[in-house]
Amino acid sequence: MTKKQKNQLRRLILAGGLFVLALVLPKAQGWAWAYFVPVYLFIGYDVLLDAGRNILHGQYLDEQFLMAVATLGAWGVGEYPEAVGVMLFYQVGEFFQSYAVNKSRKSIADLMEIRPDYANVLREGSLMEVDPEEVAVGECIVIKPGERVPLDGVVTEGESLLDTLAITGEAVPRSIGVGQEIFSGCVNQTGLLTVQVTKAYGESTVARILELVENSADNKARSEAFISRFARWYTPAVVGAAVLLMVLPSLITGEWRTWVYRGLMFLMVSCPCALVISVPLSYFGGIGAAARKGILVKGSNYLEQMGKVQTVAFDKTGTLTTGELQVTGTYALPPVAPEELLRLAAAAEDFSSHPIAQALTREQRDLPPAGKVQETAGHGVTALVENKQVAVGSKKLMESLGIPCPEPQTPGTVSFVAVEGQYAGYIAIGDRIKPGAKEALEELQAVGVHKTVLLTGDRQSAGEALGRELGLTEARCELLPQQKVTALEELLQEPDRKGTVCYVGDGINDAPVLKRADVGVAMGALGADAAIEAADIVLMDDDPKKLALAVGIARFTQRIVKQNISFALVVKGLVLITSALGVTDMWMAVLADVGVAMLAVLNAMRCLRYTRNRLRLP
Amino acid sequence: MKKTFKMQDLDCANCASKMENNIKKLPGVIDCSISFMTQRITIEAPDDIFEEVVAKASRECGKVDKECCILY
């Protein structure tokens, strides 16, 4: 609690005591007001002053003014205890509201507490503690165990485990050693690290993330815009209704006191506070909950769109696959065993730097030496391995050697192998599917994404095979980068489409597609600035399972926003009706108004506590 | 030019939206957005009168809530 809040709390308690005293003390006939006026002034003087000041500034119809008019009106109709009680309630409500809002604001801000305070820079042989902003590119910094990495750089000495939780939401620490890139915002856990700085603070990962989250409020969701439009006409409308209610029935019935009293109740519920506070707070809570999981949302409008997503289009490489080639199958013709085929082929390719060669050799150990290696670019390799003539390569290579070979049964890239001039089998090479990609797609379907589409430049057969393996509903293949935008536009224009279209890519060469989609999601953004720039939602690590989580958070936030809007409108509506009918009194009116705001704020805070368990996956 | 500033003592959400509306109506302001949560204001205005506009915006905030101002 701030000092200001503590003082206010004391004042509230004191005023409450005085109010009770004024109520119970025996009062002389006609002098009751004298007991209540001091309490009223004590608890309400600031509201009255603000109201007066606001009128001077031409601000009518604000909260303070309305409360001042309502309570002064209560004096006018002779309801002294009501006048004081309403003012007291109003102040108590304001107090709790500001307390709750500040608390939630702080807990969201705490999530974002990844800003490094200092850096230990090596200058002239000694360590100096300086502001990270003062460290120049190329200088060396030392990061002790337990310290936050202040700047991006490359490790030059030491090895350690890095806690990347705050940046990626990933709980398992990463190991890091000499020569590896290190990103600011992570926490060094075990060893002493020396790092050469590669980026100034302003361009470092942590500064970019903070900037992104802080600017996220610029992009307001449609519900937020609705609320501000609503707030603009709600207050004048209710005040107008209050005036009508005071005047018209009174003119007919002549019971001025009754109708003025009822009109005053209208004034008490004429502030749209509950809505105006809780809606942005819900969105901010949702954005905060996502940030905690390593999902950065660039604005509440994108959260809103993500909640409505029904079509997800995927880039292939770097999104569903790792982009690393690997052996996906070995098909050997007897008598050669599959392992033998692979070993011979790897040995022949051992010295080649071609990506396929690297995929072949990656998982092989203790390869026999190859002699007489002849590499034909784009075709393959022939070599002498263990005194056998081995040829590895494309169909063209086999044709040029005069070796007939069958059409392969598997999609994707294939390397044929011939031993001693005889066709011996082939090895299928494919992109490695990311761990978790299949589960991620299942989760997406479970949360109601009906359509999952692969957009790839791969051959039809390879794309379709990947689509089948992962359970995608559609694969659009052989697309040039610019055709991906067209393919996405086709998805956007599909007539039976209900929800929004989301595109997931790595942001490296698909920025136009990311921009074109309703929501562009970039994955694996840690250290990839282009991706952070182009996307609407950024997944800091490259775990595709974050997608369903992002949809879940977005839906939950949206639900809370709707709950708050409808709850506040219903309660206010009820109060207006019962007040007009004279069923309720002023106490009820002010309690309802203050209570709704409080409950809405507390409800909004639930967004912040969203966890994966809430997805309710099968 | 479009710039974001921190705000001081922005205590009520309704005030924030009121300030935003009022600032949007100021001459020279192209766009303005206030985030109550992060206590930040983003103002877009022509370069040559930018500082003047920010000063006016800050006064506008003070009119709504006397303790609130833009830190610039």
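In chain A, strand S3 (residues 140-143) and strand S9 (residues 193-197) run antiparallel and are joined by four bridges. The model is predicted: local features need pLDDT of at least 70, side-chain atom pairs count only at pLDDT 80 or more, and totals for chains, interfaces and linings use all residues. Residues are numbered from 1 along each chain as its sequence is written, while chains are lettered from A and ligands numbered from 1 in the order in which they are written. Strands (E, at least two residues) and helices (H or I, at least four) are DSSP runs, numbered from the N terminus. Two strands count as paired if DSSP finds at least two bridges between them.

Cys140(A) has Gln196(A) as its bridge partner in S9(A). Ile141(A) is bridged to Val195(A) in S9(A). Ile141(A) is also the bridge partner, in S3(A), of Val121(A). Strand S1 (residues 119-123) of chain A pairs with S3(A) in the antiparallel sense, over three bridges. The side chains of S3(A) alternate.

Asn120(A) stands opposite Glu129(A) in S2(A). The hairpin of S1(A) and S2(A) has two residues between the strands, and in this hairpin Glu124(A) takes a positive phi near 50 degrees.

These strands belong to an open, antiparallel sheet of six strands in chain A, ordered S2-S1-S3-S9-S4-S7. Strand S2 (126-130) and strand S7 (181-182) of chain A stand at the edges. Each has a single partner strand, so one side of each is left without a neighbour in the sheet.

Chain A as a whole has 20 helices and 22 strands. Its radius of gyration is 34 Å, well over the 25 Å that the globule rule gives for 618 residues, so chain A is more spread out than a compact globule. The radius is taken over C-alpha atoms, and the rule is 2.2 Å times the number of residues to the power 0.38. The C-alpha atoms of chain A fill a box of roughly 120 × 65 × 40 Å along the principal axes. Of its 618 residues, 46% count as buried. Two residues are in contact if their C-beta atoms, placed from the backbone, lie within 7 Å. Among chain A contacts between residues at least 6 apart in sequence, 65% join residues at least 24 apart. Chain A is divided into domain 1 (136-199) and domain 2 (322-433). These bounds come from an automatic or database domain assignment. The C-alpha centres of the two domains lie 40 Å apart.

The largest nonpolar core has 174 residues, and Val521(A) and Ile537(A) touch the most other members. A nonpolar core is a set of buried Ala, Val, Leu, Ile, Met, Phe, Trp, Tyr and Cys residues joined through C-beta atoms within 7 Å. Helix H19 (residues 546-581) of chain A gives the largest share of this core, 14 residues. Not counting residues up to four places away in sequence, Val521(A) touches Cys502(A), Tyr503(A), Val504(A), Ala535(A), Ile537(A), Leu539(A) and Leu547(A). A second, separate core has 31 residues, including Leu342(A), Ala346(A), Leu360(A) and Ile429(A).

Chain B contains two helices and four strands. Along the sequence they follow the pattern β-α-β-β-α-β. The radius of gyration of chain B is 11 Å, close to the 11 Å that the globule rule gives for 72 residues, so chain B is as compact as a globular protein of that length. Of its 72 residues, 46% count as buried.

The contact between the chains takes 20 residues from chain A and 15 residues from chain B. On the chain B side, helix H1 (13-25), strand S2 (31-35), strand S3 (40-44) and helix H2 (50-64) each give two or more residues. H1(B) supplies the largest share, three residues. The chain B side divides into four nonpolar, seven polar and four charged residues. In this division Ala, Val, Leu, Ile, Met, Phe, Trp, Tyr, Cys and Pro count as nonpolar, Asp, Glu, Lys and Arg as charged, and the others, Gly among them, as polar.

Notes. Buried ≥ 20, exposed ≤ 12 C-beta atoms within 10 Å, placed from the backbone.
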